[in-house]
Amino acid sequence: MTQATTTYTAEDMAEYARQARVRILEAVKHAGGGHVGGPFSAADMLSALYFGVMNVRPDEPNWPDRDRFVLSKGHSSIALYTMLALRGYFPVAELLTFDSVNSRLQGHPDMTVTPGVDMSSGSLGLGFAGALGIALGARANGRDFTTYVMVGDGECNEGIVWEGAHVAARYNLDNVVAVIDHNKLQQTGWTGDSYEHRISPYLGNQLADRWRAFDWHVIEIDGHDIPAFLEAARSAGEVVGKPVAIIAHTIKGKGVSFMEGDFTWHSKVPNDEQFALAMEELGETDGGTP
Amino acid sequence: MTALTMGKPLRVAMGETITDLAATNDRLVVLDGDTAGSTRVDIFQQAYPDRFYQTGIAEMNMLGMAAGMATVDGLIPIVSTFSAFIASRAHDSIRVLIAQPKLNVKLLGAYSGLLAGMTGKTHLLFDDIPIMRAMANMVVVAPVDEIETRSALAAIVEYEGPVYLRLNRGNTPIIFDEDYRFELGKAVTVREGGDVTVFATGTHTARAYEAAEQLVTEGIDVHLVHVPTIKPLDVEAVVTAAQRTGLVLTTEEGTVIGGLGGAIAETLAEFAPMPVTRHGLQDVFGESGPDGALLDKYGISPPHVAAAIKEWVGTRH
């Protein structure tokens, strides 16, 4: 693993994550569609990856030795686009083209049009397999970059995830780090005590236990604790002979009180009142630009 | 009639050829879904163990990993398993990760069509050609014999983009001379005639050839065109060959729905409307059994092809 030489502090990364949430909500509001809950649970980790962990060159997005990132939970594309824009891959203003015809920022990440997107994804589970292939290709060609792949906990329902988990362990792919966004909710999800109550697809330690059972090196953290994520990524780089899964416990909709933990905000466009309230909570004093 | 010489199974020709190609192309890697001994990529495995990746019985993941590998330094992943596990089981991985980004992955579908060596009906995929040719960015190739397989493999490795190559299991009659060169996107006239134009593809072209030779004694002169590249279809050659006789029959070891027959019918309906009939596997699934018995039961042995041509010509004259 090559650590980025960065001047960004954890505080900077938290501020970029805050800005990302603002931009995500603006883009979704502007487009009249898109996901909110998943992008918000991932925002802090994406900020840490792009500003504190990955060795990338935004002005040279196809640099062969760059660390790779695959957003296998591709429905959260706007979170990735926002982070790429904040990191300098393309103008922040372009985020308002999200989900529109001819935009480079399509509903699902498309490696053929978006600078910085290393693998197409969106049909759940597939991006993970692609990421493992990138890692295997890196080994085949003697390149020592790291491939990071973010997988949703709901996405872990897909069988292909476990096909890949098995193969990666058999190949001792220690150049791949899976970040599992364990936000405990899915679009519809698993009903709890009542129709309004939804519970995690993986209860208790089930998700971490499954990855351990597949012989992955598991690190569990709070996915909103940026210093903890940076430390997890650093220690992942020291693991030899095993792929690493960072099980990141997160809150779906994190950052806006009335969205947090509410499965109905999986993909919902805020009305004007909700948007204003969210901007206020996110500390955007000018009210955002829907 | 001239009896055709029996040649190697296409799978063996494939295993030997990719091994030969790898000697001068270090970008070639092979991914196997635990079928190497059947598909014969074990030939490559023994020659290049470091460039051979066993990915287990997990085809969706295998196709996805192949896509990822293709993004690194120009690697050319060759994925090999039975055609049913490529075109059907791993369809979504191919669509999203290989075809949509047009990545340079070669999909080698072994045990295609009806003759899958007594395996069982789940391994028989009659609609691989329709599935793969309907997919944007995908090239679909079905060679007839070992000579064409060798030449086609060199061509598809040269071509930058995803290709589905249809291969068979059993020994296969040889149609072409050693100096034959496959050209991607080109149809080939195998036999000239004036009564009816027959289009065939893959190893089934050899059966169509035998049928055409049988029909000489019955006074029917078949113009036989082999269509090794089903997509992109050689529209100009198809139209020219069809117009030569004004009467067309397609025949294939695959479903008549959307396969070669579908492609020819679509093309002629648009550019040169004329009577067309589609012979091949009808709207059915298969079963296990010896090759000869299967060809007979499903009506695609050379005598069946000859009978179909004779009947079609009879109804039109």
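Biologist: How many helices and strands are in chain A?
Modeller: This is a predicted model. Chain A holds both helices and strands. The tally is eight helices and seven strands.

Biologist: Which radius of gyration does chain A have, and why does it agree with a compact globule?
Modeller: Chain A has 290 residues, and a compact globule of that length would have a radius near 19 Å. The value for chain A agrees with that, so the chain fits the globule rule. Along the principal axes, its C-alpha atoms fill a box of roughly 50 × 50 × 35 Å. The radius of gyration of chain A is 18 Å.

Biologist: What share of the residues of chain A count as buried?
Modeller: A residue is buried if 20 or more other C-beta atoms lie within 10 Å of its own. Of the 290 residues of chain A, the share that count as buried is 54%.

Biologist: Among contacts in chain A between residues at least 6 apart in sequence, what percentage join residues at least 24 apart?
Modeller: Take the contacts in chain A between residues at least 6 apart. Those that join residues at least 24 apart make up 75%.

Biologist: Which element of chain B gives the most to the side of domain 1 that touches domain 2?
Modeller: Chain B is assigned domain 1 (6-173) and domain 2 (188-316). Their contact takes 31 residues from domain 1 of chain B and 30 residues from domain 2 of chain B. On the domain 1 side, H7 (128-133), S6 (139-141), H8 (146-158) and S8 (172-173) of chain B each supply at least two residues. With four residues, the element that gives the most is H7(B).

Technical notes:
Residues are numbered from 1 along each chain as its sequence is written. Chains are lettered from A and ligands numbered from 1 in the order in which they are written. This is a predicted model: local features need pLDDT of at least 70, side-chain atom pairs count only at pLDDT 80 or more; totals for chains, interfaces and linings use all residues. The radius of gyration is taken over C-alpha atoms; the globule rule is 2.2 Å times the number of residues to the power 0.38. A residue is buried if 20 or more other C-beta atoms lie within 10 Å of its own, exposed if 12 or fewer, and partly exposed in between; C-beta atoms are placed from the backbone. Two residues are in contact if their C-beta atoms, placed from the backbone, lie within 7 Å. Domain bounds come from an automatic or database domain assignment.
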